[in-house]
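Open the structure in your viewer and follow the stops below. Each one says what to select and what is there.

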Amino acid sequence: MDAKKKRIFGVILVLLLVLVILIIFNIGVFTNVLTSFKSNVDISSSPPKWIFKPVLDHYLHVFSKGGYNFGKYLQNSLIIAIISTLFATLVSIPAAYSIVRYHGLGDKILGATMLLRLMPALALAIPVFLIFNKFHLIDTHIAIIFMHTLFIIPTSLLLFIGYVQDLPIEIEEAAEMDGANIIQVLTQVIIPVLRPGIASTAILGFITSWNEYLFSGVLSFKNSVTATVGTSFFITSYQVEWGPMAAAITISSIPTVIFIFIAQKSLIRGMTAGSVKG
Amino acid sequence: MRRHRIKNKKIIGWLLLLPITVWLVCFALAPMLYGLRLSFYNARINNINNPDFIGFGNYIKLFQSADFGASLLWSLRFALIATSIQMILGILIAQLYNRSFPGKSAAITLFLLPMVISPFLMGTMFRLLFNEFVGPIAYLLSGITGTTAMLGVAFVNSTILGADAINRTPFVFINVYSAMQGVSQELIEASKVDGANAFQRLIHVTFPLISSILWVTFLEKLLASFLIFELVFALSAGGPGSFTQGISIFIYRRAFQRSDYGMASAASFTLAVMLLIPSLYLVKRMLKGIK
């Protein structure tokens, strides 16, 4: 009886500690969501109000304010994230297959992509800005897509290598015996088997693109502005519109937050790729 | 026939690598070489098509500038402190989570939540929450800090460290936690029988078994913190003045606010060279884990 009591006490203690940690780590996000529902008077009241009458003004404002086209920014983010993820997947699958099944040059390419992940992004941002400027690609979707694809590739490649390593080589050999060429092996054998892996890798790629700021910001000023970049437009030289800004941050965070709830496992696999087996 | 097949196999292996190679060359290698070339020129927005060659002029100016040295020092200090805080917190929280308790799956998801939010949005969010006049968190903390000026000279570094810890500790946590899950439960039980307490078990049983992952995570975190840009840019923009100007903000300001592309390129290549050896070492360690 005494041991059981001690165990229950232990569990309660762990739960309490976990609760405190979760509050500390999430109070920022929570308070930001609260702010987005406060009226302007409540936002600037001191001491800050924790109980107030919620209003939707800022959300309406964000979508309807003249010249500030948040709906368009969200649409840009969506287009850029989906196409970048698609490109990165199409580029990474054959590369991963080559690295696992055909040895040689692949290892160098793998090393180069991993090195890319660690190098200062600004060393790339300056020349890329100038080159794209020369080719009149600034403020186009495709410019941002080219760069986001590059940043999605390293993690995608690592994950696909893991998935291909787990495949039994026999099914490919059987297909080759039947006279299938490499394209057929990839499209009719490998890709269908990898489908769940592709889906979770794509989610990570989407988040990478959606969250990116430096290149999206440098390469756009009006037409191809993404939601992440667009939130900063509420800070001008004259004033900061806190309410709409909080609403814009909340909206921009929703897709990534949804993904972590539906795809926690693949997210963890992606985040730990490279280091866990090291 | 056989030799023909082997040769064929090699060609297919290369062809499969072609798309990724094209991407890396066009959007990483070529721009970097162009950037390297720019670092030897006086290149500004008005003469970018016809810049003046000045040899090592940018590098000489760079090493003489106190601003550059101060930025490197800020980044170095930030990287060491932020990484230490996040490693300790990440390990302790992973140890706390490394047991079964009700609602654990949801608790993991909620702990990872700050990590999936863009660092730029996180920075913008904290800029609001720590605002001197309307920030609710600044107000809550003013009981301890005695002021709400959390982005002033006295507290801005701590604010950045705190915001980054919230954004990035989950990364350390998830790596350490996944590694701990791989440690055999039998070993832990055996050491319990031998009378080791929780702390001794962590130090003497778990750590040696996950030391390689801890080391890789530490290095990866250290490099990333050294180059921190988005969160600081959104939160303090390097200010007040250039008080929190790390090396990435230094380069950004030179390039995109002063349009001094030659000088900014020189700074980014100096940085790349400094980071090359630790980065190559880290890549080698990671590759060993993949193969």
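This is a predicted model. Begin inside, with the largest nonpolar core, which has 156 residues. Select Ala96(A), Ala125(A) and Ala267(B): these have the most contacts inside that core. Now colour helix α7 of chain A, residues 141-166. With 16 residues, helix α7 of chain A gives the most to this core.

Which residues is Ala96(A) in contact with, leaving aside its neighbours within four places in sequence? Select Leu157(A), Phe160(A), Ile161(A) and Val164(A) to see them.

Next, go to a helix pair. Select helix α3 (residues 57-64) and helix α12 (residues 242-262), both of chain A. Their axes are 8 Å apart, and the helices pack at an angle of about 80°. α3(A) is therefore roughly perpendicular to α12(A). Zoom in on the contact. From α3(A) come His58(A), Tyr59(A), His61(A) and Val62(A). They meet Gly243(A), Pro244(A), Ala246(A), Ala247(A) and Ala248(A) in α12(A). By class, this contact has 6 nonpolar residues, 3 polar and no charged.

Last stop: the two chains together. Show chain A against chain B. Here 83 residues of chain A are in contact with 84 residues of chain B. Select helix α1 of chain A, residues 2-36: its 14 residues are the largest share of the side of chain A that touches chain B. Colour that side by class, and you get 56 nonpolar, 26 polar and 1 charged residues.

How values were computed. Residues numbered from 1 in each chain as written. Chains lettered and ligands numbered in written order. Predicted model: local features only at pLDDT ≥ 70, side-chain atom pairs only at ≥ 80, totals over all residues. Contact = placed C-beta atoms within 7 Å. Helix = DSSP H or I, 4+ residues; strand = E, 2+ residues; numbered from the N terminus. Nonpolar A, V, L, I, M, F, W, Y, C, P; charged D, E, K, R; others polar. Axes fitted to C-alpha atoms, helices over the stretch in contact; angles between N-to-C directions. Parallel < 35°, antiparallel > 145°, perpendicular 65-115°, else oblique. Core = buried A, V, L, I, M, F, W, Y, C linked by C-beta atoms within 7 Å. Buried ≥ 20, exposed ≤ 12 C-beta atoms within 10 Å, placed from the backbone.
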